[in-house]
Amino acid sequence: QGTTVRIGYVSPQTGPLAGFAEADAFTIEMFNRVAAEQGLNVEVLVRDSQSNPNRAADVAQELIIDDEIHLMLVASTPETTNPVSTVCESEGIPTISTKAPWQPWFIGQQGNPGAPDSWRPFDYTFHYFWGLEDVIAVFTNMWDQLDTNKQVGGLFPNDADGNAWGDPNVGVAPGFAQAGYTTVDPGRYQNLTDDFSAQINAFRQANCEIVTGVVIPPDFTTFRNQAIQQGFEPKAITVAKAILFPQSVETLGEAGHNLSSEVWWSANHPFTSSLTGQGCGELAAAFTEATGRPWTQPIGFVHSLFEMAADVIKRADDPTDPDLMAETIAATDLQTIVGRVAWNGEGVPPFAAQNVCKTPLVGGQWRRQDDGAFDLVVVDNKTAPDIPTQGVMEPLA
Amino acid sequence: MAPSTSSSSTTRPRPTSRPRASWSRWPDRKRRPGHDAGPPSSSEEPGRSAILSLHDVSKSFGALKVADAISFDLPEGQALGIIGPNGAGKSTLFNLITGNLAPDAGRIEYLGRDVTRTPPMQRCLAGMGRSFQIPQPFNRLTVFENLLVAATHGQDRTESDVVDDVARILERTELIEVANRPAGGLTLLQRKRLELARAMATQPRLLLLDEIAGGLTDAECTALIETIRALHAGGVTIIWIEHVLHALTAVVERLLVLDFGRVIGLGDPAEIMDSREVKEIYLGIEV
Amino acid sequence: MIWIDTIVQGVLLGGLYALFAAGLSLVFGIMRLVNLAHGDLIVMGAYLILVIVSVLGLDPFVAALFAAPVMFVFGWVLQKAVLNRTLGEDILPPLLVTFGLSVVIQNSLLEGFSADSQRISMGALETASVDIGPVTVGLLPLLTFASAIVVIVGLNQIFYRTAIGRAFRATSDDPVTASLMGIRPDRVFATAMGLALVVVTIAALYLGTRSNFDPYVGPARLIYAFEAVIIGGLGSLWGTLAGGIIIGVAQTVGAAINPEWQILAGHVAFLIVLLIRPRGLFPRAVD
Amino acid sequence: MALLETTGLTARYGDFQALFGVDVRLEEGETVAIIGANGAGKTTLMRSITGVLRGAPDEICHKGVSIGHLMPDTIMKRGIVMVPEGRRLFPSLTVEENLLIGGQHKGGRDLGDRIDGFISRFTGGPNPMELAAGHDGSGVWSLDAIYTLFPVLKERRHNPGTALSGGQQQMVAIGRALMSNPEILLCDEISLGLAPVVIRDIYAALPKIKEAGTSVIVVEQDIGQALKVADRVYCMMEGRITLEGRPDQISRDDIHAAYFGAPA
Amino acid sequence: MATTYSVSARTRVATISGIAAIALLGVAIVLPAFASRSLIQDLFFILTMLTLAQLWNLLAGYSGLVSVGQQAFVGFGAYMLFGATILWGVNPVAALFLSGVFALLLAIPTAFFVFRLSGAYFAIGTWVVAEVVRLSVAQWQAVGGGTGTSLPRDARDKMWGVEWIEALFDVRASAARDILAYWLALALAAATIGGIYWFLRTRRGLALAALRDNVEAAKSVGVDAARMKWIVFLVAAFGAGIAGGLIFLQNGRISPDSAFAVTQWTAFVIFIVVIGGIGTLEGPIVGVLVFFFLQELLADYGAVYLIVLGLLGIVIMLFAPTGLWGFFARRTGIALFPTQRRLEIKR
Ligand SMILES: Nc1ncnc2c1ncn2[C@@H]1O[C@H](COP(=O)(O)OP(=O)(O)OP(=O)(O)O)[C@@H](O)[C@H]1O
Ligand SMILES: Nc1ncnc2c1ncn2[C@@H]1O[C@H](COP(=O)(O)OP(=O)(O)OP(=O)(O)O)[C@@H](O)[C@H]1O
Ligand SMILES: [Mg+2]
Ligand SMILES: [Mg+2]
């Protein structure tokens, strides 16, 4: 293989979503090292989306036209994955994407998300992560462990995740209802808002004992502080996105204890890397050793993304031919550090079967240690019993 | 590049200001002698109808009253001079007549129609032309273009139609030499001439002139008087504010004296100039 | 009950907006300067406080005390060296220069601090609350509102009780005549900008503690501030507070109906006020 | 050495030249009147002296110091104060505040001057620190003294300055200028647009001002008034001095000629 | 003595520049045959920014309407293009016209409101209106709400002329779409400049120049200032709407934040106009080139580019308020697009 295979990678390294990209440098350094060892002729070009979808599209365009990449990798929230995937699909560049629930990724890229007839599969872009049905199951399983009035307040912003989660028909509310939970949804708000009193009031009015949603980290801090200020204390706060990272929880101090969240990867997951052979615990330890920081969920997924890249490049006859590459990606069946990745349509509705592959999801809770540090403890594994639990769900305060 | 416009090259001797061809927005646009201008008010010269009448027009700037219940009629074709000390409200009165300022109270009639709330641009179309005391040229346009705007918009006419008229006005006001220079570069004297020329280019039926003679040499002053006389002879009604009294009295038939926004004298120029009040207030010389 | 709470929260939010707006109102009122960089200056202040807090480990309130003189000097120099040159009849130069400044500040902060969102931590104060009758309000919002009142009372005292305040007003009325009174307008303007940036520092303190900020949040804060100033009426500081409260209440009421309308409701309230009173609620008698 | 002297003073507004080499002199304790028709350049002369229009340093000399290039506030702090044409009260200030602001920066240097003086050490240019010095602004004029001079102002002191009648406004303008106890007072058409009685009242104040040791230049179109108060008279026409003399030495015809450029 | 007078607006420089312009246009049309795709994209960017700059210049430079809210029309036009293609199945190229029309329709109520304001209030008013439009559009879930949406593949595929271009230049569909967008941008920019130039040479254009110099005086010689304001505001909105539609058609993706970005569609546009020279047709052309080359030069320095741009804007406004072209033209007296009418006298 004479030509260097150029891989573009776009992620939010700065901005409100920066936490998602925490393991990027660590992972890419590892990938370059392993690639050199294995004799893979690759070059990784990294671009920062600054958490801004428009910039994400711009840098993707640059990578394709100016840097002439052969494979695009993209990760972390629909704000990043969608613009990049759209550009790549339009330019015919094979793309692997992750770290965004599949509905906002797939439906969010359709011209009219409200008209299922108009939805079309993609030829070049492939996504693996979990979906709303998983988060519904995980969240309700966790809440079932508590004694609540089953009134759930929802915080859904006017962004890709928020619109997908908050959709009254295809969002989380119908699923919650099936499990016996009533959702109170005051409506979409703008990200980085100054004031959550309206939501707090609405939740209090409806006597909500549970708060859920998909909130960017800074907004969750604002919400949590204002909720306490205004004397609103639910029994459980289970939100996605905002409290994935220990840092976000630490800024809350006491108020962070027993907040709960979805867990897509942990140091306890029973998987191994196809690239380095490390187990999850080993990978987490390596990260902590290299950076001095506690492990976070994105580590596993960024790692798996590069496992995917190595795998398809190895399998492809000509990694520089976009159509061959797309075929190769579609034919993937790989055991990665986040579980098995294969676009075989398992657990996915037919319209998305071609482009979406699902990985397991469980539920966890943050426990404050005496020294002020936080541990993420898996408290529910009904959806993926092979991932062990470490405790049971506890109410807040 | 679009082809340039060019005009016909005839040089018919024509008065610079001719009877108005059209006045599209206004129905009673014809110049009718004896045309009824509202209630027949105290017109001193019966037979000539009032082209302009003011009824108790007042205007204040904050506590400062600059027009205090001003009323007068101006018969069509007359030349009226306005004098008064600095700050008496003369220029303000012009602004009220032309609509650049709205009066606080009172009514202004022009050609028998109430124009109190009519915007300046429509009053211009209806035949009011004016010069500004502090010259207000279109700085980045050439002198010629300054007049061209006035001629084509003050009257709904095309550029090629007005070239000859404009050129003649430029010659008359001795601006032809600088016709293609930007107006921003003119000297004050030239700017003042431009004010007059531009007002003439709108082919006014009523021409309002604000201190255009200041700073002229005797010869220039005489030429200016000639120009204005010729306009007047061509049937244009004129109101002229001027501190250079000998120029003013050489042209006007009637004189209005303003002080503190009030009319303190209106009548025959000689009589007015001779009155004690005027001498005291205006000239400040004790008699 | 919910409505009382909504309105109380809105009023408190209005306090924050009034703080954002007070400095703007000051420079807009005194020198008719439309400062499009005001929002970014607030953000810059927040970063300054953040740096002082994290480097010196000070309490944010103490850090603001340190930041205020730095900001004063920055404002003074900025006005003296740059903005004074833009003042005049034409609104474009100040608009453009402050627009440029806004872009420069935003991107300099981006270079220096990355796009990450930041927050100034106040510890326990962040979540502390008090019960006022039927509603529970956060101590921090209450403190913000109180600061807004203090700032406005303080500015009013400076404006109407001190020599420098007299100089502000006189220079604002007529810089040339003020200079004949021994006042140098460019220094007065520089002082005013310095003072405005002291107010900006206070606003920055609460911006940074109430919610998150990143280098890009300035323009949104600027627009609320402008709305408050314009609703209040040019140069009226109490009007600015009223304007802030109107925007704040409109936002919380809008959000209570549907969070989608939170920000929209503020803007719509602004447009409605302006439609009814184009010069704001408490315009100055003379402009 | 004259108290104030202009030599070959020129002034222009853009391309338009308004003054062509004006020589005017004011001696200590003197009252000088400058008369001339509209647009003769009287106001321009006043604006040049007070620094509103700036020119070459040497064109204006105050007590032997060239001041032609100084800023208005520096000149004011040297004790040269003007009552501007059209009164120009500050509408946002009350009568009393209008007066106070006149005395606010009387003479000497303030913090701003110190800062600018410090900066000018590095940048070159006139050092206002030195130039503003010399006049201490002490003297007989105070708020009370002004209220004694114009009692009507005391009653209206909390009104906005612009709510007064024209004559009263003119009194405020004069009072405002006096508050700094000027060495030289320039009055530009203080009778402009006022009723004769009011003019009389205002002119009645002039002797008291002279008594306090102030030298005065009055600019007037009201020739009668001017001749009555002045020790010396200059007449201007089209940016030039066309006549100079003592009131008793010049005749009506001289004035007429100097005024309009041709004998009557 | 027979003196004849005539008006002429032709100069030799203008004739040369006219010929040059036509030649340049010809080259620009056939350029896609030789140029790389990234050059075509760069030119697309230049041409659309140039269009916006010319329109803003018409507003602020000629009519004194200093709007900070042009992004309202850019964004609204763009959104209407997406709406029309996604929801009503209109061909994207045809929908460009709708972009303009809808932007124009939006401009009517906007003008009613903002024309009540003047100076700084006008500027802020336009900005707030743009924010209101942005926030309202962000509620329109059918085109993705706050997330935004992408141009569906069907719509993209049926764009007029793409297949033909693919065959003609033997390129992939995505490159063919770029070429189409480039041609459309070229046509738009040429039409905008040509249209403004034509307008400035009409009687109304002269009136506009007069208004720019002195509003009160213009009113007093019969210029209908209010109508001119309306015309200019609506024309600028129409053009901005089409430009917005085109930009996002090429982009393929839209979101409220990008479509209504005040920095991109107004601040940069203002910088372009001011750096080049406000109140002239040449200014924005010079400005957009400077803007682009700066961007290329500093592309690798990220935010530094914007810092330099901001500083340059400030420095030019302070020290050369007539911009680079104004500076040049004052020294040489050259005008590429002369609008000045000269009075020719033959004796
Ligand atoms: N726009 C304005 N706002 C406030 N005051 C004004 C305004 N325009 C004029 N004035 C004042 O109104 C008074 C009358 O002014 P006006 O210009 O009408 O006087 P005038 O009789 O034309 O004087 P002059 O002979 O000096 O031209 C003056 O005191 C002037 O200062
Ligand atoms: N700001 C200015 N711009 C341009 N020309 C001006 C300006 N101010 C005054 N002039 C012109 O300068 C000349 C002298 O004006 P100045 O005001 O000094 O006259 P004046 O003798 O004070 O007249 P008045 O008796 O009317 O006050 C006049 O021709 C005037 O038009
Ligand atoms: Mg006048
Ligand atoms: Mg004067």
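User: What area is buried between chain E and chain B?
Analyst: This is a predicted model. In this model, 41 residues of chain E are in contact with 48 residues of chain B. Carbon and sulfur atoms give 57% of the area buried between the two chains. That buried area is about 3,700 Å².

User: Which element gives the most to the side of chain E that touches chain B?
Analyst: Across this interface, 14 residue pairs are in polar contact, both at pLDDT 80 or more. On the side of chain E that touches chain B, the elements giving two or more residues are β1 (4-8), α1 (12-30), α9 (203-213), α10 (215-220) and β4 (342-346) of chain E. The one that gives the most, with 8 residues, is α9(E).

User: How far apart are the closest N and O atoms of E159(B) and R341(E)?
Analyst: The rule finds 4 salt bridges across the interface of chain E and chain B. One is formed by E159(B) with R341(E). A salt bridge needs the nitrogen and the carboxyl oxygen within 4 Å. Here the closest N and O atoms are apart by 3.0 Å.

User: What percentage of residues 95-115 of chain C is helix?
Analyst: An unreviewed UniProt entry annotates several stretches of chain C as "transmembrane region", including 64-83 and 95-115. Residues 64-83 of chain C are 90% helix, with end C-alpha atoms 25 Å apart. For residues 95-115 of chain C, the end C-alpha atoms are 26 Å apart and strand is 0%. Helix over that stretch is 90%.

Definitions and conventions. Residues are numbered from 1 along each chain as its sequence is written. Chains are lettered from A and ligands numbered from 1 in the order in which they are written. This is a predicted model: local features need pLDDT of at least 70, side-chain atom pairs count only at pLDDT 80 or more; totals for chains, interfaces and linings use all residues. Side-chain values use heavy atoms; hydrogens and water are left out. UniProt positions are given in the numbering used here, feature names are shortened, and annotations may be inferred rather than shown by experiment. Helices (H or I, at least four residues) and strands (E, at least two) are DSSP runs, numbered from the N terminus. Contact means heavy atoms within 4.5 Å. Buried area is the accessible area (1.4 Å probe) that two parts lose on being put together, summed over both. A salt bridge is a side-chain nitrogen of Lys or Arg within 4 Å of a carboxyl oxygen of Asp or Glu. A polar contact is a pair of N or O atoms within 3.5 Å; within protein, one must be able to donate a hydrogen and the other to accept it, and residues adjacent in sequence count only if both atoms are side-chain atoms.
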